[in-house]
Amino acid sequence: MRFKSPGRCRDAERLREMLQAVDPSFDCELKLEAGGPLAQPLEVGGFRLANRFVTHPMEGWDASPDGLPTADTLRRWRRFGRSGAKLIWGGEAFAVSEDGRANPNQLYLNDDAAVMAGLVQLRAEVGAGHTEIGEDPGELVIGLQLTHSGRFSRPHGQFAPKIAHSHPPLAAKYGAEPEPMTDAELDALGERFVAAARLAQEAGYAFVDVKCCHGYLLHETLGAHTREGVYGGSFENRTRFLLRVIDEVRSACPGLGVVARVSIVDTHPFSAGEDELGEPAGWEEHVPYRWGFGVDPEDPRKTSMDEPLQLLGLLAEREVKLINLSLGSPYYNPHLQRPAAYPPSDGYQPPADPLEGVFAHIQAARACKEAYPDLAFVGTGYSYLQEWLPHVAQHELRTGGVDLIGLGRMLLSYPELPIDILHGSPIDRRRICRTFSDCTTAPRNGQKSGCYPLDPYYRESPEAESISALRRRRS
Ligand SMILES: Cc1cc2nc3c(=O)[nH]c(=O)nc-3n(C[C@H](O)[C@H](O)[C@H](O)COP(=O)(O)O)c2cc1C
Ligand code: SF4
């Protein structure tokens with residue numbers, strides 16, 4: 001590990017020094033305030049949230065081959081309920097079609113009536129987890145994240161990409177591409193999103209997230225500069241598919257909340273260079289850059305907020321009031337999407353202090369909030385801050401940089417961290433996520449995801465040794 005981890009700071013003053021070495025405006029509060037910003041309620045989009053924690057969606061690669069939850073899936077959702085967060089942002093990505101699964105064990109929409117029962121059961125597990133920690137399940141706001149994995153579809157184990165447009169930098173990394181999906185194929189897919197939203201509503205979900213992040217299909221449409229036809233080229237055309245899906249879900253499902261998780265900016269793909277360090281290899285050959293969204297076309301190592309802010313305006317016009325902000329993709333720039341001390345097995349050593357990645361998330365949220373104060377934004381990337389995440393979160397909430405604090409990996413290792421923070425209980429440092437990335441490495445190697453180092457349920461599983469061997473090889 002080349003960079004000092006925040007977990008090594010002995011107090012918040014030391015953390016502050018580390019943050020400010022990244023940027024003078026990157027800051028934390030020195031003391032956590034009982035009943036302070038993290039505990040404040042928020043009313044947004046017709047929902048009342050009793051505190052500011054949100055569970056980010058996280059797949060487990062553990063559904064049955066016909067897309068139904070297994071005991072492992074149910075366990076994860078119950079643990080989301082044990083977090084004390086009131087907003088369950090999608091639980092995990094639910095594929096709207098069989099070919100849009102990112103792995104053979106993803107939840108997905110098939111014609112089986114059991115899918116509905118599975119969705120009901122998952123929601124009930126969240127409620128049961130919430131009850132276990134003494135919280136009122138009536139306060140939960142639970143949504144379902146709808147997805148098509150596009151270029152990263154692996155419904156039967158091998159990549160079987162469906163693409164919105166050719167992407168030379170990604171083709172250089174991943175190999176041959178198929179022909180882009182036709183407009184008619186995209187239109188038909190839009191109907192699957194609507195069908196999945198109807199099912200979610202019938203199963204009692206309060207909202208659906210039209211997932212538009214991480215390099216998956218809808219996110220890719222935003223960067224379809226080189227595509228012909230109504231879904232490519234101009235900004236209006238590139239945003240058309242996302243907005244169409246949102247409009248159609250709205251008109252088919254009155255009363256259902258519609259929100260979006262968006263990779264609000266992106267960069268040129270990274271890969272391991274000399275000494276395994278991540279680098280945006282070949283970026284000079286890809287200028288002007290015409291394959292991304294929120295990327296500076298003249299220097300694709302840099303991000304650009306111009307179009308992303310315009311997109312937020314279009315979402316606001318459609319009453320999409322809640323936006324979960326993410327960055328980039330866990331496949332081609334994981335140091336940005338999920339800053340970590342240790343890379344996943346298909347990744348690279350962090351090219352810079354992972355705190356820079358965390359700050360990129362914070363900066364993006366601040367810019368969005370400043371431009372659209374009436375929208376509510378969920379921030380991402382907090383797990384790398386480890387035991388100090390509430391100190392930074394409290395600062396960002398108090399200064400108006402973000403509205404809600406989303407947690408991903410931390411909830412796999414220590415689901416009760418938010419409720420412990422809210423209750424002012426001692427933090428169990430042994431369960432703090434140290435960003436070993438095993439939960440990403442496992443699925444990249446065909447195994448279920450889970451916190452193998454810290455969650456005894458996975459640590460004692462037969463796969464644990466081979467997964468930690470993959471990490472040792474990379475470290
Ligand atoms: C195992 C795993 C599965 C994930 N699955 C999803 C997913 O289904 N949908 C999604 O939008 N993000 C997914 N993510 C990304 C997380 O929601 C989150 O953005 C990321 O982990 C960064 O937040 P953190 O620093 O709190 O972990 C996943 C992350 C991990 C580690
Ligand atoms: S495997 Fe556990 S410790 Fe490692 S990143 Fe995932 S949740 Fe964190």
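Biologist: Which residue follows helix 5 with a positive phi?

Modeller: Helices are DSSP runs of H or I with at least four residues, strands are E runs of at least two, and both are numbered from the N terminus. Phi is positive, near 95 degrees, in the residue that follows helix 5, Gly 204.

Biologist: Thanks! What kind of model are we looking at?

Modeller: Residues are numbered from 1 along each chain as its sequence is written, while chains are lettered from A and ligands numbered from 1 in the order in which they are written. Side-chain values use heavy atoms, leaving out hydrogens and water; local features need pLDDT of at least 70, side-chain atom pairs count only at pLDDT 80 or more, and totals for chains, interfaces and linings use all residues, as this is a predicted model.

Biologist: How far apart are the end C-alpha atoms of helix 5?

Modeller: The expected span is 1.5 Å times one less than the number of residues. Helix 5 (residues 183–202) has 20 residues, so it should span 28 Å, and the C-alpha atoms at its ends agree with that, lying apart by 29 Å.

Biologist: Is Phe 193 buried or exposed?

Modeller: Phe 193 sits in helix 5. Buried means under 20% relative accessible area, exposed over 50%, and partly exposed in between, with a 1.4 Å probe and protein chains only. Phe 193 has 0% relative accessibility, so it counts as buried.

Biologist: How far in space is Phe 193 from Val 249, C-alpha to C-alpha?

Modeller: Contact means heavy atoms within 4.5 Å. Leaving aside neighbours within four places in sequence, Phe 193 touches residues including Leu 146, Val 210, Leu 218 and Val 249. Phe 193 and Val 249 are 56 residues apart in sequence, but their C-alpha distance is 7.4 Å.

Biologist: Which elements do the buried residues of helix 5 pack against?

Modeller: The buried residues of helix 5 include Leu 186, Leu 189, Gly 190, Phe 193, Val 194 and Ala 197. An α-helix has 3.6 residues a turn, so residues three or four places apart point the same way. The buried residues of helix 5 pack against strand 5 (93–95), helix 3 (114–132), strand 6, strand 7, helix 6 (217–222) and helix 8 (240–252).

Biologist: Which residues of strand 7 point the other way from Phe 207 and Asp 209?

Modeller: In a regular strand the side chains alternate between the two faces of the sheet. In strand 7 (residues 207–210), Phe 207 and Asp 209 point one way, and the residues that point the other way, buried like them, are Val 208 and Val 210.

Biologist: What is the bridge partner of Val 208 in strand 8?

Modeller: Strands pair if DSSP finds at least two bridges between them. Strand 7 pairs with strand 6 (residues 141–147) in the parallel sense over four bridges, and Gln 145 has Asp 209 as its partner there. Strand 8 (residues 257–265) also runs parallel to strand 7, joined by three bridges. In strand 8, Val 208 is bridged to Val 258.

Biologist: What volume does the largest cavity have?

Modeller: On a 1 Å grid over the protein atoms alone, a cavity is a set of points where a 1.4 Å probe fits but cannot get out, a pocket is an open set with protein on both sides within 12 Å along at least five of seven lines, and lining residues have an atom within 4 Å of a point. Points are joined across faces, edges and corners, and a volume is the space filled by probe spheres set on them. The whole structure has four cavities of 30 Å³ or more. The largest cavity has a volume of about 460 Å³.

Biologist: Which helix gives the most to the lining of the largest pocket?

Modeller: The largest pocket has a volume of about 630 Å³. Of its 33 lining residues, His 335, Leu 336, Glu 356, Gly 357 and Ala 360 lie nearest the centre. With eight residues, the element that gives the most to this lining is helix 11.
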